[in-house]
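Hi everyone, thanks for making time today. Let me put the structure up on the screen, and then we can walk through it together.

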Amino acid sequence: MEVILADYLGFCYGVKRAITIAQENASSDGKACTLGPIIHNPQMVERLRNEGVGTVDELAEMDEGTIIIRSHGVGPKIYAEAKKRGLELVDATCPHVKKAQLSAKALVDDGYSVVIIGEKRHPEVHSIFEWSDGKAAIVETEEEAEALHSCAKLGIVCQTTFSGAKFKQIVSRLLEKSRDIRIQRTICTATDQRQAAALALAAKVDLMLVIGGKNSANTTRLARICEEKCLTYHIETAEELQDEWFDKIEKIGITAGASTPDWIIKEVYKKCQNR
Ligand code: SF4
C-alpha cells in the first residue's frame, strides 16, 4: 500500500510559534495558562497541561501568574484587564492576525466604516472586531455584503483563514458601496497551501485521511474538500483507523489541519504503512 503525505499539512507558522511561546512560559506551579485552548486539538492541549501550561476561559479565573494569548489574538480590553489584575501577559498572537487587527484599527482611526470579511463566530474575527472598537460590520456571505448601506469611506479587512475565492466574490459586492474604498487582503497563505495540496492529493489516491480536532474549522474544511474527490475519513488520532476502511485500497493520502501536531500525523502515517 502506498501512503502519500500532502505537500503542505499540519502546524502552520503561527500555531508552531504560539506553542513554542507557551512551552517557554510553562510553570510547574500551575500559574501559566492560555486564554482559551491554545489550538483546536484536545491532544495538544492535554500535552501542554502536562508540561505546565493550563487553560482558562476568562481572566477572572486568575489572580496571579502568566496569561498567554493564543494565535487567534484578543481585543485591546483583554490587555488592559490583564494589566489591572497584575498578570504577566505573554502575547502569542500570530503576526498575520496582528496585522489584520491593526489594519482594522488604522481604518477606523482614519474615519473609514470597516467591514470584516470572515466567520462571525470565529475567535480571530472577534479579536479583529474588538480592535475596530466594536464598530466593524462582519460579513460572511455575498448576500450580507449586498445588504450593507453605502458609505463615504469603506475599509475592508479579512479573517486570515478565509477562502480567497469567497473573499473576492464578497469584495465585488462591496465595490459599489462607496467611492473611497481601502482593501486590506489580510489572508494568510498557510490555509490556501493546505487546501490546494489536499485537493491535488485527493485527486490521485483512493482514500484520504484528514487528521485533526473534530472541533477544528480548518480541518473540517479540508475533509469537505477531499470528500469531493475520493473516500475520506476525518480522524483525530491513529486509534480511530478501522481495518475495513482499507479493503481494496491501493493509495492512501494523508493531510492534517493547521492545528494538528506532527506526532499524531507520524503515528497515522506509520500505522498506514504497516498495513
Ligand atoms: S493560519 Fe496563518 S494566520 Fe492563522 S495562525 Fe497560522 S500562520 Fe497565522
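Here is a question to get us started: leaving aside its neighbours within four places in sequence, which residues is Ser132 in contact with? Keep that one in mind while I say that what you see is a predicted model.

The answer is Ala104 and Val108, once the neighbours within four places in sequence are set aside. Ser132 itself sits in the loop between α5 and β7, which covers residues 137–139. Is Ser132 buried or exposed? Ser132 is buried, because its relative accessible area is 0%. Its side chain also has a polar atom 2.6 Å from the backbone oxygen of Phe129.

Now look at Asp133, which is found in that loop between α5 and β7 as well. Asp133 is exposed, with a relative accessible area of 54%. Its phi is near 65°, a positive value in a residue other than glycine. As background, most residues other than glycine have a negative phi. Lys248 is another case to look at: its phi is near 60°, again positive in a residue other than glycine. You will find Lys248 in the loop between β11 (231–235) and β12 (251–256). Lys248 counts as exposed, because its relative accessibility is 86%.

Let's turn to the helices. How do α4 and α5 pack? Helix α5 runs over residues 123–131, and it packs against α4 at an angle of about 35°, with the two axes 7 Å apart. The crossing of this pair, α4 and α5, is right-handed. On the α4 side, the residues that meet α5 are Val97, Ala100, Gln101, Leu102, Ala104 and Lys105. On the α5 side, they are Glu124, Ser127, Ile128 and Trp131.

Next, charged pairs. Side chains of opposite charge can pair when their charged atoms come close. How many salt bridges does the structure hold? There are 15 salt bridges, and I'd like to show you some of them.

Start with Asp91 and Lys98, whose side chains meet in a salt bridge at 2.9 Å, N to O. Asp91 counts as partly exposed at 27% relative accessibility, and Lys98 is partly exposed too, with a relative accessible area of 23%.

Then there is Asp110 with Arg182, a salt bridge at 3.3 Å, N to O. Why does this pair tie together parts that are 72 residues apart in sequence? It does so because Asp110 lies in the loop between α4 (95–109) and β6 (113–117), while Arg182 lies in strand β9, residues 180–183. Asp110 is partly exposed at 36% relative accessibility, and Arg182 is partly exposed with a relative accessible area of 33%.

The pair Arg173 and Glu142 forms a salt bridge as well, at 3.1 Å, N to O. Arg173 belongs to helix α7 (residues 164–174) and Glu142 to helix α6 (residues 142–146), so this pair ties together parts that are 31 residues apart in sequence. Arg173 counts as partly exposed at 25% relative accessibility, and Glu142 is partly exposed with a relative accessible area of 22%. There is also a network of salt bridges, which links Lys120, Glu140 and Glu144.

Lys251 is found in strand β12, and it counts as partly exposed at 32% relative accessibility. How far apart are the C-alpha atoms of Lys251 and Ile4? They are separated by 7.6 Å, although the two residues are 247 residues apart along the chain. Not counting residues up to four places away in sequence, Lys251 touches Glu2, Lys204, Val205, Asp206 and Leu207.

Our last stop is Thr34, in strand β2, residues 32–35. Thr34 is buried, with a relative accessible area of 2%. Leaving aside its neighbours within four places in sequence, Thr34 is in contact with Val53, Gly54, Thr55, Val56, Ile67 and Ile68.

Conventions: Residues are numbered from 1 along each chain as its sequence is written. This is a predicted model: local features need pLDDT of at least 70, side-chain atom pairs count only at pLDDT 80 or more; totals for chains, interfaces and linings use all residues. Side-chain values use heavy atoms; hydrogens and water are left out. A salt bridge is a side-chain nitrogen of Lys or Arg within 4 Å of a carboxyl oxygen of Asp or Glu. Buried means under 20% relative accessible area, exposed over 50%, partly exposed in between (1.4 Å probe, protein chains only). Helices (H or I, at least four residues) and strands (E, at least two) are DSSP runs, numbered from the N terminus. Axes are lines fitted to C-alpha atoms, for helices over the stretch in contact, and angles run from 0 to 180 degrees between N-to-C directions. A crossing is left-handed if the near helix is turned anticlockwise from the far one by less than a right angle, and right-handed if clockwise. Contact means heavy atoms within 4.5 Å. A polar contact is a pair of N or O atoms within 3.5 Å; within protein, one must be able to donate a hydrogen and the other to accept it, and residues adjacent in sequence count only if both atoms are side-chain atoms.
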